[in-house]
Amino acid sequence: MDLMEAIKERRSIRKYKPDPVSEEALQKVFEAIRWSPSWANTQCWEVIVVGDPNMKSELANTLTATNPSRSSMTEAPLVIVLCGKKGVSGFKKGKATTVKGDWLMFDTGIAMQSLCLAAYGLGLGTVVVGLFDHKKAEEILGLPQNVEVVAMTPLGYPAAQAGAPRRKEVSEFVYYEKYPKKQ
Ligand SMILES: Cc1cc2nc3c(=O)[nH]c(=O)nc-3n(C[C@H](O)[C@H](O)[C@H](O)COP(=O)(O)O)c2cc1C
């Protein structure tokens, strides 16, 4: 599959078939995360694969009733939870090296995009879910203090395709040399 096509054609999938995801496909998705870039190659990401229906339903309950991906969490055969180890990305000898502090969100964000694109290449659907009660999800998953949940995605075969939400034009967010002065 052409890379640009994959970047442009991947969509958030919110309707899933119950068909299982093979171990082979799952390993390919993890391999895509593995080769993602990260701060000084720190690879702070950690992944929890949830397939148990009760666990999926507990995680789904951490989403608000209005989150359009709430039912996707139980519909899909798997939920992949992307976590990050704190105090690793952007740190040197235990100290943050930039004003941004922990780069965990950044590195796990890249990892999530790798996951989503690899899944798309395999015919699998994903939707990044960020709007949920993170503290509750961390309790459900039994996370230690030094690891946090960043985002999750259902993983499975799409039952329905989704249209592409409108994107800004390139000219609306790309500037040359300097940030433009206010008109
Ligand atoms: C950080 C992040 C958090 C998101 N959280 C949610 C969410 O909680 N629920 C949901 O249905 N979609 C969520 N989305 C999916 C976006 O709504 C979606 O990516 C966007 O509308 C563009 O659509 P597309 O992915 O089909 O191109 C999230 C996406 C990102 C990147």
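## Helix pair α2 and α5

Helices α2 and α5 cross in a right-handed sense (the near helix is turned clockwise from the far one by less than a right angle; helices are DSSP runs of H or I, at least four residues, numbered from the N terminus). The contact (heavy atoms within 4.5 Å) involves K28, V29, A32 and I33 on α2, and A111, S114, L115, A118 and A119 on α5. By class, this contact has seven nonpolar, one polar and one charged residues. The axes of α2 (residues 23–34) and α5 (residues 104–121) come within 8 Å and cross at roughly 145° (lines fitted to C-alpha atoms over the stretch in contact, with angles from 0 to 180 degrees between N-to-C directions).

## Basis of the model

The model is predicted, with pLDDT of at least 70 needed for local features and 80 or more for side-chain atom pairs, while totals for chains, interfaces and linings use all residues. Numbering starts from 1 along each chain, and side-chain values use heavy atoms, without hydrogens and water.

## Ligand site

The ligand is surrounded by 14 residues (a heavy atom within 4 Å), and the closest are R11, S12, N67, S69 and R167. The shell comprises six nonpolar, four polar and four charged residues.

Oxygen atoms of the ligand have polar partners (N or O pairs within 3.5 Å): a side-chain atom of R10 at 3.0 Å, a backbone atom of L131 at 3.1 Å and a side-chain N or O atom of R167 at 2.8 Å. The protein buries 63% of the 620 Å² that the ligand exposes alone (Shrake-Rupley method, 1.4 Å probe).

Technical notes. Helices (H or I, at least four residues) and strands (E, at least two) are DSSP runs, numbered from the N terminus. Ala, Val, Leu, Ile, Met, Phe, Trp, Tyr, Cys and Pro count as nonpolar, Asp, Glu, Lys and Arg as charged, and the others, Gly among them, as polar. A polar contact is a pair of N or O atoms within 3.5 Å; within protein, one must be able to donate a hydrogen and the other to accept it, and residues adjacent in sequence count only if both atoms are side-chain atoms.
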